Amino acid sequence: MKDFVSTKDISRVELEELFAIAKDIKKNGCEFKEALKGFIVATLFYEPSTRTRLSFESAVLRLGGSLISTENAKENASAKKGESLEDTIKIIEGYADMIILRHNENDSSLRASKVSKVPIINAGAGGGEHPTQALLDVFTMQEKKNIDGIKIAIMGDLKYGRTVHSLLNLLSLYKNIVVYGFAVKSLELPKNYKDILISKGITYIECHEFDEIPNNVDFIYQTRVQEERLEEKEKHLSKFILNKDNFSRFSDSTYILHPLPRVDEISTDLDGDKRALYFTQAHNGVYIRQALMYKIKKDFYENNI
Ligand code: CP
């Protein structure tokens with residue numbers, strides 16, 4: 001593996017290999033503290049981030065690597081002067097051994113990977129994909145349940161929610177998955193994603209009322225409405241807020257996930273519930289990103305895969 005730009009590009013075998021590495025790092029982190037020694041990673045972020053950038057940077061430091069970083073590349077890098085993404089990448093490949101890229105355009109990481117001699121990791125690309133978020137989502141889920149055969153409700157913004165798109169690709173690697181997609185009409189899952197899911201054997205059930213989600217789903221994956229990507233006609237829609245009261249009908253083993261940041265779509269009265277996994281998810285982001293960079297360094301630089 002050189003680049004990681006989409007969850008469409010990973011096999012179940014590779015996914016399980018990554019999870020095994022992440023599990024090992026979570027348990028025996030000290031053994032990996034020199035894994036990226038002498039290695040420089042660039043974090044190039046054109047959009048805001050707390051979790052993804054800082055967990056990648058923490059992951060690099062925990063593996064003994066070094067960092068160069070732009071936290072607001074749209075304003076503070078030469079994109080402001082009109083430099084293309086491709087030219088920027090061709091410069092940074094001379095300064096770093098791996099580039100972590102967040103950008104507002106859906107095809108940004110793919111374009112970067114086509115011109116880059118060094119590995120590109122997609123850290124969120126427009127309303128398209130956010131593949132490393134999906135890795136940590138499924139990693140967190142499999143710590144609680146065997147993923148084959150799960151029922152999951154995915155809610156909020158299914159149209160622009162890039163974490164949703166990447167998560168659905170990963171879930172399609174598992175057997176007998178049932179997804180309940182709950183969103184207002186204008187933020188439903190786009191048809192191209194539904195077609196892919198159906199072709200891969202996922203059962204996709206569209207819901208427009210919260211009551212249509214069965215009490216025994218294994219996971220509820222709530223998401224923020226991506227206000228910054230909405231067209232004018234899509235703004236000011238009513239939003240569903242998950243709270244202690246409406247969650248009370250679910251089973252003792254229905255877990256709540258959210259990629260974060262949240263605005264108000266999960267009430268803080270759920271934060272103390274043992275089934276609320278969203279802070280664990282964010283913390284697992286460090287281990288899974290350590291595992292991914294460790295694997296890419298081994299595959300690309302040591303084994304020429
Ligand atoms: N989940 C996620 O991508 O969060 P950030 O935008 O803070 O990186």
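Predicted model: local features only at pLDDT ≥ 70, side-chain atom pairs only at ≥ 80, totals over all residues.
Residues are numbered from 1 along each chain as its sequence is written, and side-chain values use heavy atoms, with hydrogens and water left out.

I then looked up side chains at the ligand: a polar side-chain atom of Ser-49 lies 2.6 Å from a ligand oxygen, and one of Arg-102 lies 2.9 Å from a ligand oxygen. Taken alone the ligand exposes 260 Å², of which the protein buries 91% (Shrake-Rupley method, 1.4 Å probe). The residues around the ligand, with a heavy atom within 4 Å of it, include Thr-52, His-130 and Pro-259.

I followed Thr-52 next, which is found in helix H2 (residues 51-62), helices being DSSP runs of H or I with at least four residues and strands runs of E with at least two, numbered from the N terminus. Its side chain makes a polar contact of 3.0 Å with the side chain of Arg-102. Thr-52 counts as buried at 3% relative accessibility (buried is under 20%, exposed over 50%, partly exposed in between, with a 1.4 Å probe and protein chains only). Beyond four places in sequence, Thr-52 is in contact (heavy atoms within 4.5 Å) with residues including Phe-45, Ala-123 and Arg-289.

I also checked Thr-88 in helix H4 (residues 85-92), which is buried with a relative accessible area of 7%. Setting aside residues up to four places away in sequence, Thr-88 touches Leu-44, Tyr-46 and Glu-83.

Last I traced an open sheet, in which 5 strands run in the order E7-E6-E5-E8-E9 with parallel pairing (two strands pair if DSSP finds at least two bridges between them). Strand E7 (203-207) and strand E9 (255-257) stand at the edges with a single partner strand each, so one side of each is left without a neighbour in the sheet. Strand E8 (residues 219-222) pairs with E9 over 3 bridges, and Phe-219 has Tyr-255 in E9 as its bridge partner.

Key:
Polar contact = N/O pair within 3.5 Å; in protein donor to acceptor, adjacent residues only side chain to side chain.
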